[in-house]
Amino acid sequence: TAPERTAAPAETSIAGSVWMLAGYARESGFIPLEPGHGSTAKIVLKADGTFEATSGWSVFSGTWKTGRFKSDNTASASFSPSPFRSQAGNDAAEQFEQDLIRSFRATRSIQRGPSAIRFLNASGKPVLEFLAMNPAR
C-alpha cells in the first residue's frame, strides 16, 4: 500500500502558498538570504502531501507530511525529495542544490510565523527558512 500522506489540518494549513527561500543551512552554519539579493528557490506545499520546488536551476518534487501545529506554532514534519537531474551550471550551484536537498531530508519539524515558515532539524536548529510570496491578507 502507498504511504499515508497527511498535510497540515485545514485550519492551520501552510499548503497552497508559494514560499521563497530566505535562508538555508550549510556545514558552516545558517545562511540568511536578504530579499531581492538571495535565491530564486521556491517551494509549493500541496494539500495532497506532495510538493514542487525549484532551486533556481532545477525543478524537483517529493512528498511531505506534518502533524498538527501546537500552541508554539511548531509541528512535526518530514520531507522526501524524489531523485532529480541537476540543471545547475557550476560547482557552487550544484553545492547549493545538495545543501537544499540535505536540509529537506534533515527536517523534523516546522515552525510557522505570520508570513514565514522555518524547517528545523532534530536538534531544533533551522535548516531552511521560507517567506510567503503571496501571504494571506
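Strand 1 (residues 18–26) pairs with strand 3 (residues 42–45) in the antiparallel sense over three bridges, where helices (H or I, at least four residues) and strands (E, at least two) are DSSP runs numbered from the N terminus, and two strands pair if DSSP finds at least two bridges between them. The structure is a predicted model, in which local features need pLDDT of at least 70 and side-chain atom pairs count only at pLDDT 80 or more, whereas totals for chains, interfaces and linings use all residues. Residues are numbered from 1 along each chain as its sequence is written, and side-chain values use heavy atoms, with hydrogens and water left out.

Tyrosine 24 stands opposite leucine 128 in strand 9 and opposite isoleucine 31 in strand 2.

Serine 55 is located in the loop that lies between strand 4 (50–54) and strand 5 (59–66). The relative accessible area of serine 55 is 1%, so the residue is classed as buried (buried means under 20% relative accessible area, exposed over 50%, and partly exposed in between, with a 1.4 Å probe and protein chains only). The side chains of serine 55 and glutamate 97 are joined by a polar contact of 2.5 Å. A polar contact is a pair of N or O atoms within 3.5 Å; within protein, one must be able to donate a hydrogen and the other to accept it, and residues adjacent in sequence count only if both atoms are side-chain atoms. The serine 55 side chain also reaches the backbone nitrogen of tryptophan 57, at 3.2 Å. With residues up to four places away in sequence not counted, serine 55 is in contact (heavy atoms within 4.5 Å) with Ser39, Ala41, Phe60, Phe96, Glu97 and Leu100.

Glutamate 94 belongs to helix 1 (residues 91–106). This glutamate 94 is partly exposed because its relative accessible area is 36%. Ser86 and Ala88 are touched by glutamate 94 when residues up to four places away in sequence are not counted. Between the C-alpha atoms of glutamate 94 and serine 58 the separation is 9.7 Å, the two residues being 36 residues apart along the chain.
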